[in-house]
Amino acid sequence: PHDQPNPDPSKKTLVILGTGWGSVSLLKKLDTENYNVVVVSPRNYFLFTPLLPSCTTGTIEHRSIMEPIRNFLRHKKAAVKYYEAEATKIDYERKVVVINDDSEIKGDVSSTEVPFDMLVVGVGAENATFGIPGVREHGLFLKEVGDAQRIRNRIMDCCETATFKDQDPEEVKRLLHMVVVGGGPTGVEFAGELQDFFNSDLKKWIPDIKENFHVTLVEALPNVLPMFSKQLIDYTEKTFQEETITIRTKTMVKNVTDKYIEAESVGPDGQKQLERIPYGLLVWATGNAVRPVVNDLISQIPAQKNSRRGLAVNEYLVVKGTENVWAVGDCAVANYAPTAQVAAQEGAFLARMFNNMAKTQEIQSQLAELSQAQEVAPTKEARDEIFANIKDLQKRLRRVQSINPFEYSHQGSLAYIGSDKAVADISWFAGNLASGGTITYFFWRSAYLSMCFSTRNRVLVFMDWLKAKVFGRDVSRV
Ligand code: FAD
Ligand code: NAD
């Protein structure tokens with residue numbers, strides 16, 4: 001009852017959860033005049049995640065890769081409502097989303113319900129820990145801006161503490177041991193960025209840490225970057241070796257304490273061994289897990305009873321077992337990898353589909369009007385003319401309705417591996433082009449620069465790169 005401007009009752013209410021890759025790409029292309037659009041997300045900005053690893057060392061400042069959602073929404077044709085809140089429950093039967101203001105400042109109302117006719121779930125995923133004890137307490141994740149800031153501070157804290165007066169040599173070693181768990185692209189890119197930071201800045205600014213600073217990447221599988229081609233995996237491992245980053249493959253972390261991790265690996269004798277690896281900084285990058293709000297929705301829909309990794313969707317991204325709920329990105333399971341590329345294409349597909357659905361409804365109501373007019377038309381000429389119009393509209397309706405199912409088009413995989421080198425598997429006509437090295441790195445830079453959300457972001461990222469090159473990265477701890 002206290003809500004501002006009433007939604008237009010002639011339009012359906014479309015609620016979109018999240019402001020990440022999937023939801024924002026949907027909002028970009030959506031004609032907001034057709035629906036009462038409501039966006040709910042605890043994050044009032046879009047985050048360009050591919051450059052997040054660079055924020056952990058200050059190569060890029062985090063605000064350069066954030067775009068305020070308000071700034072973006074105000075350019076839409078029709079007003080979109082945005083609530084900074086977390087969806088804590090989706091009540092599928094009652095068609096409402098319970099939202100909760102989780103921020104520091106709360107008004108008298110901080111929890112309420114948002115009704116929907118149509119719902120898009122684009123809440124992404126949370127960090128997987130596989131229930132391994134100590135991960136949440138002692139490890140740092142790398143998913144959001146806050147995570148990157150925490151890592152940046154922790155790196156500096158470890159370096160400053162290691163140079164504290166009278167520190168024991170063993171303790172210095174531990175504090176300067178930077179351990180990254182998970183050899184997927186997040187772990188690899190972070191390890192590369194961190195080693196860069198050490199090589200180009202840290203060892204100059206704090207020469208005392210030179211002998212002991214060390215980065216180790218721990219991976220349970222036999223190799224890192226499993227989604228890349230064999231040749232690029234070898235190239236990455238070789239580059240890391242040259243950069244003195246240690247890769248520990250076939251090593252599975254089982255337990256984490258405040259000062260060491262316990263990892264199981266297979267020794268030279270083929271026997272499993274458990275070892276303690278002391279660390280100063282621990283970054284945990286072992287992939288995605290399903291968010292509780294998504295698991296709760298899964299439990300309400302019988303057709304989803306076998307969904308383990310997220311909401312199972314059909315080829316139109318409709319959540320199976322529902323008619324009015326769609327899912328995009330990391331929270332949807334459609335047999336594609338959980339990447340920004342997939343999420344963005346899914347979002348754009350939904351926008352096209354929703355725009356078409358609105359057009360369909362418009363044509364259908366025009367058709368209904370015309371057939372009524374035809375019945376009461378006074379002359380044969382008038383009836384013929386209306387009939388011709390009906391034929392035209394029916395043709396248009398068929399065209400609008402014939403939307404093909406979603407099909408993902410893979411453009412390729414790109415990752416930065418440090419020391420001005422990148423690896424790329426690019427889809428090239430029918431085949432694949434694998435390349436690694438410094439030229440690929442320039443390609444990586446220009447590709448990500450051009451993909452940035454806005455011109456403002458592009459300029460800021462470019463300036464950050466320049467700044468880091470000219471003045472070095474900023475090592476202050478805040
Ligand atoms: P997200 O982008 O994570 O967005 C989810 C949104 O939902 C956020 O706005 C969040 O605040 C919001 N939300 C969360 N919970 C709720 C809730 N309860 N209610 C409402 N809103 C909620 N992919 C690539 O293709 N290329 C890359 O180079 C690449 N690099 C990456 C680097 C890093 C460090 C990381 C972490 C990921 C990277 N990815 C990359 C993967 C990519 O970021 C994800 O696949 C992508 O973000 C998924 O998009 P999404 O919209 O599903 O989720
Ligand atoms: P991931 O799922 O790709 O990799 C996680 C790795 O952690 C796996 O290789 C797994 O074997 C390992 N692991 C799990 N448990 C472990 C344990 N206990 N001990 C040791 N190792 C363990 O995760 P990610 O790198 O965070 O990526 C998530 C998604 O985001 C992926 O789809 C990825 O493609 C995408 N992404 C893409 C890019 C890029 O394209 N440049 C960058 C970052 C992320």
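Which elements each supply at least two residues of the shell around ligand 2? The answer is α7 (185–205), β14 (251–256) and β22 (412–418). The model is predicted. The protein contains 13 helices and 24 strands. Its C-alpha atoms fill a box of roughly 100 × 55 × 50 Å along the principal axes. Of the 478 residues in the protein, buried residues make up 50%.

Back to ligand 2. In total, 24 residues surround ligand 2, and the closest are Thr186, Glu219, Val253, Pro338 and Leu414. The residues of this shell divide into 14 nonpolar, eight polar and two charged. Several polar atoms of the protein can be located beside the ligand. In Glu219, a polar side-chain atom lies 2.6 Å from an oxygen atom of ligand 2. In Glu189, a polar side-chain atom lies 3.4 Å from a nitrogen atom of ligand 2. Leu414 takes part through its backbone: a polar backbone atom of Leu414 is 2.6 Å from a nitrogen atom of ligand 2. On its own, ligand 2 has 840 Å² of accessible area, and the protein covers 79% of that.

A polar backbone atom of Gly22 is 2.8 Å from an oxygen atom of ligand 1, and a backbone N or O atom of Trp21 lies 3.1 Å from an oxygen atom of ligand 1. Arg291 uses its side chain: an N or O atom there is 3.4 Å from a nitrogen atom of ligand 1. Of the 990 Å² of accessible area that ligand 1 has on its own, the protein covers 90%.

The buried residues of α13 are Asn457, Val461, Asp464, Trp465 and Ala468. They cover an arc of only 95 degrees around the axis, and therefore lie on the same side of α13. The spacing of such residues follows a general rule: an α-helix has 3.6 residues a turn, so residues three or four places apart point the same way. The face of α13 turned away from the buried side carries the exposed residues Thr455, Val470 and Phe471.

Some single residues remain to be visited. Thr59 has its place in the loop between α2 (52–55) and β4 (66–68). Is Thr59 buried or exposed? Its relative accessible area is 8%, so Thr59 counts as buried, the cut-off being under 20%. The side chain of Thr59 makes a polar contact of 3.0 Å with the side chain of Arg473. Another polar contact, of 3.4 Å, joins the side chains of Thr59 and Glu193.

Thr56 is also found in the loop between α2 and β4. Thr56 has 0% relative accessibility, and so counts as buried. Where does the side chain of Thr56 reach? It reaches the backbone oxygen of Pro53, at 2.6 Å.

The last stop is Ser427, found in strand β23, which covers residues 421–428. With a relative accessible area of 30%, Ser427 is partly exposed, because this class lies between the limits of 20% for buried and 50% for exposed. Ser427 and Ile277 are 150 residues apart along the chain, and their C-alpha atoms are separated by 39 Å.

Methods: Residues are numbered from 1 along each chain as its sequence is written. Chains are lettered from A and ligands numbered from 1 in the order in which they are written. This is a predicted model: local features need pLDDT of at least 70, side-chain atom pairs count only at pLDDT 80 or more; totals for chains, interfaces and linings use all residues. Side-chain values use heavy atoms; hydrogens and water are left out. A polar contact is a pair of N or O atoms within 3.5 Å; within protein, one must be able to donate a hydrogen and the other to accept it, and residues adjacent in sequence count only if both atoms are side-chain atoms. Accessible areas come from the Shrake-Rupley method with a 1.4 Å probe; for residues, only the protein chains shown count as cover. Buried means under 20% relative accessible area, exposed over 50%, partly exposed in between (1.4 Å probe, protein chains only). Helices (H or I, at least four residues) and strands (E, at least two) are DSSP runs, numbered from the N terminus. The arc is that of the directions from the helix axis to the C-beta atoms. A residue is near a molecule or strand if one of its heavy atoms lies within 4 Å of it. Ala, Val, Leu, Ile, Met, Phe, Trp, Tyr, Cys and Pro count as nonpolar, Asp, Glu, Lys and Arg as charged, and the others, Gly among them, as polar.
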